[in-house]
Amino acid sequence: MTLRIRISWPAGHTTATLEDTPTSAALARALPISSTARTWGEEVYFDTPVSVPREEGARQVVDPGTVAFWTEGDALALPYGPTPISRGDESRLASPCNLLGTLDGDPRILATVRDGDPIRVERAQA
């Protein structure tokens with residue numbers, strides 16, 4: 001099962017392709033999700049109704065454009081550059097996160113998300 005999702009906010013949208021993982025399956029069952037965007041350096045994250053344990057293979061340093069799930073906050077984490085705890089140009093998340101997939105395009109589009117923006121995640125149309 002490969003799942004494509006669409007993430008939208010007032011200034012734009014992007015899509016992502018998720019791998020078949022227990023966390024992405026839990027996320028798929030919860031769609032659509034409406035939440036409030038938060039920003040932390042060059043990362044957008046937002047609460048979800050999903051609560052899952054940390055998976056084997058969870059990582060803290062990821063590539064920009066990674067779709068990650070922060071188990072400690074039940075939130076999707078979408079880094080597009082350095083965060084306040086990064087070393088150099090790396091994308092370092094607050095703690096190890098489950099890896100779900102990648103954004104389908106330039107992750108810098110997330111720079112248009114403002115803290116407090118409404119954000120929505122739904123299945124992408126084929």
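These legends accompany several close-up views of one predicted model. Because the model is predicted, local features need pLDDT of at least 70 and side-chain atom pairs count only at pLDDT 80 or more, while totals for chains, interfaces and linings use all residues. Residues are numbered from 1 along each chain as its sequence is written, and side-chain values use heavy atoms, with hydrogens and water left out.

View 1. The UniProt record, an unreviewed entry, carries the annotation "domain: Cyclophilin TM1367-like" over residues 4-122. UniProt positions are given in the numbering used here, feature names are shortened, and annotations may be inferred rather than shown by experiment. Across residues 4-122 the chain is 8% helix and 47% strand, and the end C-alpha atoms lie 9 Å apart. Helices (H or I, at least four residues) and strands (E, at least two) are DSSP runs, numbered from the N terminus.

**View 2. Strand β8, covered on both faces.** Here we look at β8, residues 75-79, where five of five residues are buried. Buried means under 20% relative accessible area, exposed means over 50%, and partly exposed is in between (1.4 Å probe, protein chains only). Ala75, Ala77 and Pro79 sit on one side, with Leu76 and Leu78 on the other.

**View 3. The strands that pair with β8.** Strand β5 (residues 43-47) pairs with β8 in the antiparallel sense over five bridges; two strands pair if DSSP finds at least two bridges between them. Within β8, Ala77 is the residue opposite Tyr45. Strand β7 (residues 66-70) also runs antiparallel to β8, this time over three bridges, and Trp70 has Ala75 as its bridge partner. Four residues lie between the strands in the hairpin of β7 and β8, where Asp74 takes a positive phi near 50°.

View 4. A search of the whole structure finds one aromatic pair. Rings of Phe, Tyr and Trp (its six-membered ring) pair if their centres lie within 6.5 Å; planes under 30 degrees apart count as stacked, over 60 as edge-to-face and the rest as tilted. Tyr45 counts as partly exposed because its relative accessibility is 24%, and Trp70 is partly exposed with a relative accessible area of 24%.

**View 5. Glu90 and its surroundings.** Find Glu90 in the loop between β8 and β9 (91-103). Its side chain reaches the backbone nitrogen of Arg87 at 2.9 Å. Leaving aside neighbours within four places in sequence, Glu90 is in contact (heavy atoms within 4.5 Å) with Val61, Gly81, Pro82, Thr83 and Ile85. Glu90 also forms a salt bridge with Arg92, the closest N and O atoms being 2.6 Å apart. Arg92 counts as buried, at 13% relative accessibility.

**View 6. Salt bridges elsewhere.** Side chains of opposite charge can pair when their charged atoms come close. A salt bridge is a side-chain nitrogen of Lys or Arg within 4 Å of a carboxyl oxygen of Asp or Glu, and a search of the whole structure finds six. One of them joins Arg108 and Glu42 at 2.8 Å, N to O. This pair links distant parts of the chain, 66 residues apart: Arg108 is in the loop between β9 and β10 (118-123), and Glu42 is in the loop between β4 (38-39) and β5. Arg108 is partly exposed at 41%, and Glu42 is partly exposed at 25%.

Key: A polar contact is a pair of N or O atoms within 3.5 Å; within protein, one must be able to donate a hydrogen and the other to accept it, and residues adjacent in sequence count only if both atoms are side-chain atoms.
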